[in-house]
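Have the model open and follow along.

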Amino acid sequence: MSVLPPEVHAALYQLLQALQSADNTTRTQAEEQLNSEWVRERPDVLMMGLVEQINGAEDAGMRSFAAVLFRRISTKPRKEASSDESKDLFMTLQQPQRNVIRSKLLECLATESVPQVRNKIGDAVAEIARQYTDEGEPWPELLGALFQASQSDDSGHRETAFRIFATTPGIIEKQHEDVVLAAFTKGFKDDASSVRLAAMEAFASFFRSINKKSQQKYYALIPDILNILPPIKDSGDTDLLTKALLALIDLAEVAPKMFKPLFNNLVTFSIQVIQNKEFGDQTRQNALELMATFADYNPGMCRKDPSYTVEMVTQCLSLMTDVGMDDDDAEEWNASEDLDGDESDENHVAGEQCMDRLANKLGGQAVLPPTFNWLPRMMTSSAWRDRHAALMALSAISEGCREQMEGELDQVLSLVVPALRDPHPRVRWAGCNALGQMSTDFSGTMQKDYHQIVLPAIIPVLESAEPRVQSHAAAALVNFCEESEKAILEPYLDDLLNRLLLLLQSPKRFVQEQALSTIATVADSAESTFSKYYDTLMPLLFNALKKEQSKDYRLLRAKAMECATLIALAVGKERMGEDAVGLVQLLGTIQQNIVDADDPQASYLLHCWGRMCRVLGSDFLPYLPAVMPPLMELAGAKADIQLLDDEEHAAQIEQEEGWELVPLKGKFIGIKTSSLDDKHVSIELIVIYAQNLEAAFEPYVIEILEKIAIPGLAFFFHDPVRVASAKAVPQLLNAYKKAHGVQSPQLAQLWNTTIEKVLEVLSTEPAIDTLAEMYQCFYESVEVIGKNCLTSEHMATFIESAKSVLEDYQLRVKERLEEQADKEDGEEESEEILFAIEDDQTLLSDMNKAFHTIFKNQGTTFLPHWERLLGFYDSFITNQDPTQRQWALCIMDDVLEFCGAESWKYNQHIIQPLIDGMRDDTSANRQAAAYGVGVAAHKGGESWAEFVSASLPTLFQVTRRPNAREEDDVFATENACASIAKILHYNSTKVSNVQEVVTHWVDTLPVTNDEEAAPYAYSFLAQLIEQQNPAVMSQADKAFVFIAQALEAETLQGQTATRIVGAAKHLVTAAGLDANQLLATLPPETQHTVRAFFG
């Protein structure tokens, strides 16, 4: 029975027809009428009318449209009359009206006979259910209606019930697991395959929504779920099979180990699907994706399976041969200029990406044997696709198998290098690709040890007949050259640049563009060595930049700008002469002529100006008035955000490049990330200008801080903008300080407003990695302003935020430990967890530096605030996690270093941790503890004297550990050496056997790594030599060699180096040493360095 009068229904029916009209004008007018007369004025009547249309309209299309519109309108934001709070429109209606509407909606669901319409009604029910769930309000009739539908004789109704569960799993989250288990078990065994699949999708959605402990109660359902697959596969229904595989991928992401008892069966099934070409590419790729997901989320389980790795590698390589099927001679491929054509749905791309994931997740020991079982055979195959696949496989696995492959590069290159001469162009292209990827993945080793193999082989490929091969060879050279030292490149520059110059004359624009990029990279790596080629190249680039060119050539000119400015950076201002000003003027002309928003020259120009600022230094100042306005406009851009409540509109936006969609309560927020990328880059360039121009940049500082950098710290739409803003703040403050002076009232005023905002973001920043950047911003800013720049209120605020951060950190650690306890033996940490641990370590490190900076600049005035965190230090210092122990030790070191005698007040919190720290198995903690003892000796005064002298035996133990001079341990050893020197220098009265200790101390030298420890150790050694201390004079030859080693390592600089060289000369004379004979025992480089010092 209708609640609304007939005339209302007539008007609404007419409106619905107009909204579906093919005529744009009619449809637009209907939209306006819908919003103004119905949504705004009488939403209750509209929602009731729509549900009655769903129930009563004779035409199925009209019922379907009414259901779609009902769902869309129900989510529109509307302010609730009673609270003025914005909610989903449906939830703002009066409760009696909502009750009637939802009751009618369930009635429609139960009575609708047309499947497509019933699905649309189901979507509307799911949306209203979500709103009730989000608001924490009950809809008691819903669950009963859905369970009733799931038991219906009509398979369509049963399917609909599960579809709604899938969309809104919150409906069943709070139900008793026995009820849920029974419902899903029945669904998985349903006679209708569509219902079984809907139940599977609903379970995947439900399972994802519950916590890990609850999930374990449903592991028993896996056999029933997997039993759904074989009948679908046997029926050949690829659509159903694809949906089933997608549901399994969802489950594999959340809880891969629940598949463990039947994993081998699932591997066998998936491999059969991947092999079967009758299933179509999408289905086969979904089966591959399912298997790859297990590698992502539980690599240990995959490694242990007897067939997983061998079968997966075989199938990936097979898929990778599925390339260029209708283009055997590559004629079509070579004619194409769309180098970035979307091939993401191609089998060969799916195979390559999967090989990459397998290598990264399973590691080289698992992946290399089955891969190299195939590759040599494939490389000698007469089929070019096999050779191409083998080379692309090498590209894909080299990153993940780096450790194992790096020692076998001779063998690998013996496969790859001959491919550069292959008769088929796509194989040569793949050979270039492999060498380019390997140049990145084995950077350093490839360049240093294999340049004589790689460069003579790939440089001639620049003269290939095929433009795409030429371009890819040039691109591979970018990878090789950007990791090369200039001394390695120098012998090849003539040959390389002559061929690249020829490519600049290519008829293909993409070849010219790539040649310019490669020349730019070569210049960047060759540095001043590139000067020889300047006179040949720069005139060509100037000509390219002066030419008036069509839109098609804008990217080419952008690349020419990039190349010219990188060459400028390589050769420097003096070598450029008048060209430097000429280039800047050219860039200015180009900037003035940019009119189109999509002109690529604009973004390239931003970086070009930054480079020219670095080249010209203060000579760049006259150009700032032209450069800064467009830069500041981009840097100050607001976020372009759209609220999308229409799925079609959301899907359309998602297809557009440069947008990111964030789901929110049944809607989407669209964020235009492309403009935010420009904002981020612009702020990074502002940092470069402030760094290079310092005081001269002052005119821009206030406006940038107020309008860009400070608001940017809280720009929560884009993490990189916040990071760039955090980098900018200290540089801007420094520029202002250089202009006005550290004591100026102008700087004080600017600092007062800035520090308030910086402290604020320490409490509000949500991302852990970005929070670390905010702490860096804080301590670098304090360092700029200097002594006593923080008030008591500032320090109190800092401690309050630090306390909150540390509490959150402890909570994250606790959750990770609980998760770890649930893992089975041998189950590895997920990549996500490892990244989270790394982010937390970085955060603790940057917090440490912040505490260090405050103590350094505020001294003892910080102690009353710092005391509030003593509970954290005591907790961290005894923690099993070495990172936490190190964090606490480093801060105790700061208390000792900057608070002098007052640090004794905290001796009960410091002494035992330093003793334990010196014995810690983690070298970083031994280093921190040893340093702390030395600081106590140096700065702590009389109170600490007994403790530090009693620490001498333990410090000697640090220097005598089995691996004391190894890379990981040497800093702890050298800090112990320096600390013993400090104790002997500052506290020798408390040491009973000084001469014996000094004799042993000499053996703790040299200090050749730690530049902070070296001056203390060698100043003490110089003092002993000047005193002609017998402990040193009796070991004069040793002492001389230790001095030589430190001079070669450059750990001694300035006055310390001068003093120690004088002492060494004195030592040679006083002890009658033969310096030449001693030097002869040292490497030639050391001899050369020492002789230079000794004149």
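Is Arg98 buried or exposed? Arg98 is buried, because its relative accessible area is 6%, and buried here means under 20% relative accessible area, exposed over 50%, and partly exposed in between (1.4 Å probe, protein chains only). You'll find Arg98 in helix α6, residues 95-111. Leaving aside residues up to four places away in sequence, Arg98 touches Phe90, Met91, Leu93, Tyr132 and Glu137, where a contact means heavy atoms within 4.5 Å.

Before going further, a word on the ground rules. This is a predicted model, so local features need pLDDT of at least 70 and side-chain atom pairs count only at pLDDT 80 or more, while totals for chains, interfaces and linings use all residues. Residues are numbered from 1 along each chain as its sequence is written, and side-chain values use heavy atoms, with hydrogens and water left out.

Now zoom out. The protein chain has 61 helices and 5 strands, and its C-alpha atoms fill a box of roughly 115 × 75 × 65 Å along the principal axes. Of its 1095 residues, 54% are buried. Take the contacts with a separation of 6 or more: 72% of them are between residues 24 or more positions apart. The accessible surface comes to about 48,100 Å², with 48% of that belonging to carbon and sulfur atoms; such areas come from the Shrake-Rupley method with a 1.4 Å probe, and for residues only the protein chains shown count as cover.

What about charge? There are 94 positive and 162 negative side chains in the protein chain, and the centres of the two sets lie 2 Å apart. Lys and Arg count as positive and Asp and Glu as negative, with His and the chain ends not counted; each charge is placed at NZ of Lys, CZ of Arg, CG of Asp or CD of Glu.

Move along to α17, residues 263-275. Its buried residues include Phe263, Leu266, Val267 and Phe269, and among the elements covering the buried residues of α17 are α16 (238-254) and α18 (281-297). As for α18, 13 of its 17 residues are buried, so α18 is largely enclosed by the rest of the structure.

Glu694, in the loop between α40 (673-693) and α41 (698-713), has a positive phi near 45 degrees. Glu694 counts as partly exposed because its relative accessibility is 29%. Glu1050 has a positive phi too, near 60 degrees, and sits in the loop between α58 (1036-1049) and α59 (1054-1071). With 51% relative accessibility, Glu1050 counts as exposed. A cis peptide bond, omega about 5 degrees, joins Leu1005 and Pro1006.

Terms used: Helices (H or I, at least four residues) and strands (E, at least two) are DSSP runs, numbered from the N terminus.
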